[in-house]
Amino acid sequence: MASAPIVEIENVSFGYDAGRPVLHGVSLRIEPGSVVGIMGQSGCGKTTLLRIIAGWLKAGAGRTRVLGEAVEGLDSKGIFALRRKMGMLFQFGALFTDMTVFDNVAFQMREHTDLPADLVSDLVMLKLEAVGLRGAAQLMPSALSGGMARRVALARSIALDPRLMLYDEPFTGLDPISLGVIARLIRTLNDSLGQTSIVVSHDVEECFGIVDYVYFVSAGRIVAQGKPQEMRRSGEAFVKQFVRGEPDGPIPFHYPAPGYEADLDGAGALSSLPAAPAIHG
Amino acid sequence: MAERTLLAGLRQWLESLGHMASSKIWRLGFAARFFVYILLHSGTAFRRFGLTIREIYFAGVLSLIIILVSGLFVGMVLGLQGYDTLQRYGSSEALGILVALSLVRELGPVVAGLLFASRAGSAITAEIGLMKATEQIAAMEMMAVDPIARVVAPRFWAGVISMPLLAALFSAMGIFGGYLVGVQLIGVDEGAFWSQMQSSVDVREDIMNGVIKSVVFGVAVTWIAVFEGYDAPPTAEGVSGATTRTVVTSSLAILALDFVLTALMFTGGNAR
């Protein structure tokens, strides 16, 4: 018998307001133990999807089940209880800047458990060792490089051994070495801690290197899905453009505009711009 | 044609006016709900009082310099101005009463409140706003920790506790400043200065009413500061705007509340 999915989304639609729909009828299924990528260009709705999974946003329509619970039916206490089984790595780490690295990682343990201080200390050191930063325990976040801050944030997010890890653009703004380290850590921690991970990203190579399955989102819809090697061979126009980084395709290079001739004649969009101030010499 | 354009312009103006008014009222309602939410989630701020003590240090202790120095100078100016007026009527011995009542009833709570809004209120707004902009608040929520209970409530209660203490220190320094100028510099009789002050300043009518004012100002300033920080758009411009609004709104709130409280508290001597 197949095991129950960790995340199951059926026909979810969402918009921040009525005139601005972001997701349209999205369905996906994430199996336990897998690392799944959600990819698409900036603003396509993938972070919104992640926030719906985390219970941050409530879907306007559709059904969302996370770790066996229907997210729509949970009150704020239920959402908080669900989040205790999840971890999230934010785009830029979101470390608490008034706390040391040690205190950042210990934060959840101190907030949610009554563990004695020496046990908390041992656990924090274990988590920091897992990301290779045990020696940085007493540093402040301001003393860390971008890659180190991301690794500390990763240690913090796995502090209570979550069953589901959410990664929001984990590779953004990292140098190649840090990027490789973070990518390897995501895969290693997922496998060694028996987690399930969702990686929202637009970095094709790094993401394809670690995920088991990938969903492509464009304009709020899932346009393609499959294993990374299948996606590389995909004939779907959007996937081809995205994977190869082509400037033009289903996602056009040009922002919509009236006819070029009209602008050159001074009768189009440019003519509606305010006139430049006169220069008096 | 011109009439149609004028009507369209007028309609647009009325629409924007209505939108502005309704959004202000909506925001006021949100601020009121936010205040109730803080009160309901204040358990952590008292159970783990260390969190509140830490914020008292940042909001109160670090405001001491500006409060004490300002208090001293305000008291010294009161000494000079008061003596100049009182000696015309041959009652310069009443300088102690004038300095003490001015400070305890009005200047202590009001000026300390204004300084507190500028020094601590703006810092609280900027800190919470930046925590929001850098996703620290979101990270806390994701870790199933309520940011209102963990971040906002300790800062709120720290402000409420600090404000009356700062106002009292301001008044004490002001009286000392008045003494330095009046007694040590000008030569008003020291015995008259202190004894008249002692016999005329009433604990309930003057000091307690001043304390009540400073508590009310503390609640108002800190509520505005934490709300503006929490509601700030998560951008550099948003945090900067929220910080400015904290100082402006708090200052106006202090002055308006001072008038209302004074009207309610002081009865022109009829109550004595």
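In chain B, the crossing of helices H5(B) and H8(B) is right-handed; a crossing has this hand if the near helix is turned clockwise from the far one by less than a right angle, and is left-handed if anticlockwise. The contact draws on B:Leu95, B:Gly96, B:Ile97 and B:Ala100 from H5(B), and on B:Phe193, B:Trp194, B:Gln196, B:Met197 and B:Ser200 from H8(B). Two residues are in contact if their C-beta atoms, placed from the backbone, lie within 7 Å. By class, the residues of this contact are six nonpolar, three polar and no charged. Here Ala, Val, Leu, Ile, Met, Phe, Trp, Tyr, Cys and Pro count as nonpolar, Asp, Glu, Lys and Arg as charged, and the others, Gly among them, as polar.

The model is predicted: local features need pLDDT of at least 70, side-chain atom pairs count only at pLDDT 80 or more, and totals for chains, interfaces and linings use all residues. Residues are numbered from 1 along each chain as its sequence is written, while chains are lettered from A and ligands numbered from 1 in the order in which they are written.

Chain B has ten helices and zero strands. Helices (H or I, at least four residues) and strands (E, at least two) are DSSP runs, numbered from the N terminus. The C-alpha atoms of chain B fill a box of roughly 70 × 60 × 35 Å along the principal axes. Of the 272 residues in chain B, 44% are buried. A residue is buried if 20 or more other C-beta atoms lie within 10 Å of its own, exposed if 12 or fewer, and partly exposed in between, with C-beta atoms placed from the backbone. Among contacts in chain B with a separation of 6 or more, 87% join residues 24 or more positions apart.

Where the two chains meet, twelve residues of chain A are in contact with nine residues of chain B. On the side of chain A that touches chain B, helix H2 (76–83) and helix H3 (101–112) each supply at least two residues. H3(A) gives the most, with four residues. That side of chain A divides into seven nonpolar, two polar and three charged residues.

Chain A also holds an open sheet of four strands in the order S2-S1-S4-S5, with antiparallel pairing. Its edge strands, S2 (20–30) and S5 (69–70), each pair on one side only. Two strands pair if DSSP finds at least two bridges between them. Strand S1 (residues 7–17) and strand S4 (residues 61–66) of chain A run antiparallel and are joined by five bridges. In this pairing, A:Ile9 stands opposite A:Thr64.

Two residues of chain A other than glycine have a positive phi.

A:Leu67 counts as partly exposed because it has 17 C-beta neighbours inside 10 Å. A:Glu169 is partly exposed too, with 19 other C-beta atoms within 10 Å.

Another loop residue of chain A is A:Pro141, between helix H4 (117–130) and helix H5 (146–157). Is A:Pro141 buried or exposed? A:Pro141 counts as buried, because 20 C-beta neighbours lie inside 10 Å. Leaving aside neighbours within four places in sequence, A:Pro141 is in contact with A:Leu95, A:Thr97 and A:Ala149.
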